[in-house]
Number of protein chains: 2
Amino acid sequence: MQKQKPVILITNDDGINAPGIRSLVESVKDLGEVIVVAPDSPQSGMGHAITIGTPLRLNKVEVFEGIASWECSGTPADCVKLARDKILHRKPDICLSGINHGANHSINIIYSGTMSAAMEAAIEGVPSIGLSLLDYKFDADFTVAKQVAHTLTRRMLAKPMPEHILLNVNIPITTLTDFKGLKICRQAYAKWAEEFDHRVDPRGKDYYWMVGKFVNMDQHSGTDVDALKAGYASVVPIKIDFTDMKMKEWMEREWQDFV
Amino acid sequence: MQKQKPVILITNDDGINAPGIRSLVESVKDLGEVIVVAPDSPQSGMGHAITIGTPLRLNKVEVFEGIASWECSGTPADCVKLARDKILHRKPDICLSGINHGANHSINIIYSGTMSAAMEAAIEGVPSIGLSLLDYKFDADFTVAKQVAHTLTRRMLAKPMPEHILLNVNIPITTLTDFKGLKICRQAYAKWAEEFDHRVDPRGKDYYWMVGKFVNMDQHSGTDVDALKAGYASVVPIKIDFTDMKMKEWMEREWQDFV
């Protein structure tokens with residue numbers, strides 16, 4: 001008896017028409033039954049936003065040949081929730097988000113719509129991977145990223161990881177020849193140093209554009225930023241429990257007089 | 001010589017006109033120089049969204065007597081970034097976000113605009129607390145929450161915690177008489193089981209409202225959800241490194257053939 005094909009849910013935050021999601025669909029369509037539910041417009045920087053105050057639209061579209069696809073008016077996290085409840089009526093076997101046009105390593109996981117979709121799947125207990133290419137250009141070359149997506153998806157389907165862990169995968173700008181392979185890493189300690197560009201509108205009122213400069217403040221080795229610099233794709237296992245357990249123990253001792 | 005008063009930055013996600021932020025301002029204004037920079041409209045469920053594709057507005061307003069206040073067109077995270085760069089021109093000594101009308105315990109930290117503001121401050125190395133009352137009503141009673149805010153802010157200013165740790169504080173619906181005090185906890189493993197309410201608009205097109213049911217799946221003790229049920233305010237130390245270090249070590253062993 002033939003084993004049923006695994007169901008692969010694909011979403012992103014650049015919108016259903018971005019080349020990155022097309023590359024992802026192409027790279028894994030031989031591994032299972034691919035279903036696409038993705039935002040109908042770019043959602044970069046949406047973090048883990050969900051849509052509660054306005055209703056959501058969900059339209060079946062023909063974007064990828066032979067692949068059942070829906071576009072959604074909501075955020076990446078909304079797409080994952082809607083896909084499960086209204087389209088699949090079950091958990092997918094894996095959820096892939098991306099391939100993002102631009103990096104989501106280190107602190108970017110907090111701001112990233114790509115990663116929030118993967119995180120939403122992990123909350124549901126669905127194995128998931130967020131994939132991002134360090135090239136933010138529309139016509140970026142996804143060749144290496146596609147290979148990484150295929151390799152990791154095959155691995156995750158064959159040897160499932162514990163529940164509620166997701167992978168944050170970033171791929172350097174490189175060629176298949178120069179690509180060094182995968183590296184298991186930790187999230188670098190980094191931030192965006194924002195400077196707001198102050199302007200005055202035609203009516204004389206102030207406004208501001210956010211412009212940020214990425215600052216890697218991590219002094220130690222083993223980070224995703226290091227791995228990417230060295231030509232590896234970084235693979236960071238991410239958990240959804242954000243408790244600082246060491247700090248909790250410290251507070252239980254030091255705050256005894258207090259709580 | 002008199003020591004300079006600490007600068008207390010206050011923001012929220014319910015908007016600058018919500019009673020919760022007014023309660024927070026009142027509760028801590030004796031502890032330092034309070035500056036308010038908060039969204040000009042409700043931003044619940046915005047997660048860690050930031051505004052990159054549209055410009056931001058920032059207007060000085062008179063909302064709280066004797067307190068310098070600005071309203072911002074952006075998200076809670078935007079407010080913290082703008083406050084630092086364009087108003088304070090330095091780091092505040094502490095950042096307080098809230099008091100939110102509604103719970104932000106357990107998994108809600110991921111979706112919460114209140115917590116994203118506190119997290120943004122923590123990324124910057126600013127001590128920060130996100131505060132939420134379990135009562136989502138506009139006319140909720142913030143008496144206990146105000147006492148908790150004052151107690152914790154005083155403690156944090158007197159005995160700073162390590163950098164890049166923030167506190168997620170939730171306050172039960174209770175009275176000063178029945179209130180049990182603070183409890184150091186870990187984040188409960190929980191999720192929202194979403195069911196989308198399907199409707200049809202006057203033009204015959206489908207739309208969906210997100211409706212969720214909170215499900216606590218945590219089988220063990222010591223969680224924020226448990227503490228709140230027992231009448232305590234829950235205090236969870238949160239870190240901004242989401243790496244699952246145990247999983248990283250496991251992968252470094254088990255994936256040797258692979259990476």
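1. Let's start inside chain A: Leu9(A) sits opposite Ile35(A) of S2(A). Strand S1 (residues 7–11) and strand S2 (residues 33–39) of chain A run parallel and are joined by 4 bridges. Strands here are DSSP runs (E, at least two residues), helices likewise (H or I, at least four), numbered from the N terminus; two strands pair if DSSP finds at least two bridges between them.

2. Before going on, a caveat: this is a predicted model, where local features need pLDDT of at least 70, side-chain atom pairs count only at pLDDT 80 or more, and totals for chains, interfaces and linings use all residues. Residues are numbered from 1 along each chain as its sequence is written, while chains are lettered from A and ligands numbered from 1 in the order in which they are written.

3. Now the sheet. In chain A, 9 strands make an open, mixed sheet in the order S3-S4-S2-S1-S5-S6-S7-S11-S8. Strand S3 (58–61) and strand S8 (182–184) of chain A are at the edges with a single partner strand each, so one side of each has no neighbour in the sheet.

4. On to the pair of chains. Chain B superposes on chain A by a rotation of 180° with 0.0 Å of shift along the axis, RMSD 0.0 Å (least squares on C-alpha atoms of residues with pLDDT of at least 70 in both copies). That's the relation of a two-fold axis.

5. As for the interface, 60 residues of chain B are in contact with 60 residues of chain A (contact: C-beta atoms, placed from the backbone, within 7 Å). Elements giving two or more residues to chain B's side include helix H2 (76–88) and strand S9 (190–200) of chain B.

How values were computed. Contact = placed C-beta atoms within 7 Å.
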